Amino acid sequence: MEKEATIIGVDLGGTKVQAARIVGGKIQQSWKQLITSSGSEEQVVDEVKTAISAVMTPEVHGIGIGVPSIVDVEKGIVYDVQNIPSWKEVPLKSILEAAFGIPVSMNNDANCFALGEFHFGKGQGTQNFIGLIIGTGMAAGIVLNGQLYNGRHGGAGEFGMIPYLDQYVEYYASGQFFENVHQVSGLAVARSAAIGEATALSMFAEYGRHLANGIKSILYTLDPDRIVLGGSVSQSYPYFQEALWQELSSFAYRPIIDDLEIAVSDNAMIPVLGAGSLCY
């Protein structure tokens, strides 16, 4: 499908759904609403349909949707959405194609974030790129040689589940760190860091070192041109940036660190744009 075609991008989260009509990478209209996370499979599907209908016009040629779980990309089946317990095995592609009569493409939310940054954001100009989400959890979308890499089962990029210390990377290198290690909310720590509170800044430095060790796994495996951080914790990058780069300085291969670029996403609509780009 041509990039100038009219498409709809959908970002489904654990608590909300956002849809937008997109032409040539520009959003023409958007719609956001809460979903009933504890509702039945059919109820949540209907809420997704409502969001799509809100931005649908006769010119729309395709729908791309990102979901927070493992997806069979070819069959369009969503499996075991953790924050929507009723979604165990949902043939979402066929349901939406039957409802709207146009092609539907799907992938997981981390991959859609990476595609959005690659096509429209801070991943532009790269060929080997990682979109790394550090929020409630930690996951990544991988672009290799200019193409999204899904893996055989659509599970590529789950770096947060790599064993690390006594747990796994996500335990220490996502927003879980603050409650798991210090029994405080990440939001409270960020607010304290913003006014220069020393304990909060120390926590972020500790977090930055853990995140750096997680990033080292990515560098040893994939050696990307650039990593773009997304998710709630990424907005606190100034508080852990110095500690992160200090820890990265111990990486075994100096040229990789010297050439590495790390940026922070600054467009809240990137996941929707990335979902829409699945149609291309």
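Which residue is the bridge partner of Leu 229 in β15? In β15, that partner is Val 264.

The structure is a predicted model, in which local features need pLDDT of at least 70 and side-chain atom pairs count only at pLDDT 80 or more, while totals for chains, interfaces and linings use all residues. Residues are numbered from 1 along each chain as its sequence is written, and side-chain values use heavy atoms, with hydrogens and water left out.

## Strand β14 and its partners

Helices (H or I, at least four residues) and strands (E, at least two) are DSSP runs, numbered from the N terminus. Two strands pair if DSSP finds at least two bridges between them. Strand β14 covers residues 226–230 and pairs with strand β15 (residues 261–264) in the parallel sense, over four bridges. Strand β9 (residues 129–134) also runs parallel to β14, and five bridges join the two. Within this pairing, Ile 130 is placed opposite Ile 227 of β14.

A residue is called buried under 20% relative accessible area, exposed over 50%, and partly exposed in between (1.4 Å probe, protein chains only). Five of the five residues of β14 are buried, so the strand is largely enclosed by the rest of the structure. Arg 226, Val 228 and Gly 230 point one way from β14, whereas Ile 227 and Leu 229 point the other way.

Ile 8 stands opposite Arg 21 in β2. On the other pairing, eight bridges link β2 to strand β3 (residues 26–34) in the antiparallel sense. Lys 16 has Leu 34 as its bridge partner in β3, and Ile 22 stands opposite Ile 27. The hairpin of β2 and β3 has two residues between the strands, and Gly 24 in the turn has a positive phi of about 60°.

Six of the eight residues of β2 are buried. Gln 18 belongs to this strand and counts as buried, because its relative accessibility is 10%. Contact means heavy atoms within 4.5 Å. Leaving aside residues up to four places away in sequence, Gln 18 touches several residues, including Gly 9, Trp 31 and Met 269.

At 42% relative accessibility, Thr 50 counts as partly exposed. Its C-alpha atom is separated by 9.6 Å from that of Ala 19, 31 residues apart along the chain.

## Asn 111 in helix α3

Asn 111 lies in helix α3 (residues 109–120). Why does Asn 111 count as buried? Its relative accessible area is 0%, and therefore Asn 111 is buried. A polar contact is a pair of N or O atoms within 3.5 Å; within protein, one must be able to donate a hydrogen and the other to accept it, and residues adjacent in sequence count only if both atoms are side-chain atoms. The side chain of Asn 111 makes such a contact with the side chain of Asn 107 at 2.7 Å, and another of 3.2 Å joins it to the side chain of Asn 150. Not counting residues up to four places away in sequence, Asn 111 touches Ala 140, Gly 141, Ile 142, Leu 148 and Asn 150.

## Aromatic rings

Rings of Phe, Tyr and Trp (its six-membered ring) pair if their centres lie within 6.5 Å; planes under 30 degrees apart count as stacked, over 60 as edge-to-face and the rest as tilted. The whole structure holds 15 aromatic pairs. Two of them are set out below.

| Pair | Centre to centre | Angle between planes | Arrangement |
|---|---|---|---|
| Tyr 207 and Phe 240 | 5.1 Å | 75° | edge-to-face |
| Phe 251 and Tyr 253 | 6.0 Å | 75° | edge-to-face |

Tyr 207 in helix α7 (residues 198–222) and Phe 240 in helix α8 (residues 237–248) are 33 residues apart, and their pair links distant parts of the chain. Both Tyr 207 and Phe 240 are buried. They belong to one aromatic cluster, whose members include Phe 177, Phe 204 and Tyr 237.

## The largest pocket

On a 1 Å grid over the protein atoms alone, a pocket is an open set of points where a 1.4 Å probe fits, with protein on both sides within 12 Å along at least five of seven lines; lining residues have an atom within 4 Å of a point. Grid points are joined across faces, edges and corners, and a volume is the space filled by probe spheres set on the points. The largest pocket has a volume of about 1300 Å³. Of its 41 lining residues, the closest to the centre are Pro 68, Asp 109, Ile 133, Thr 136 and Gly 137. Elements that each supply at least two residues of the lining include β2 and α3.
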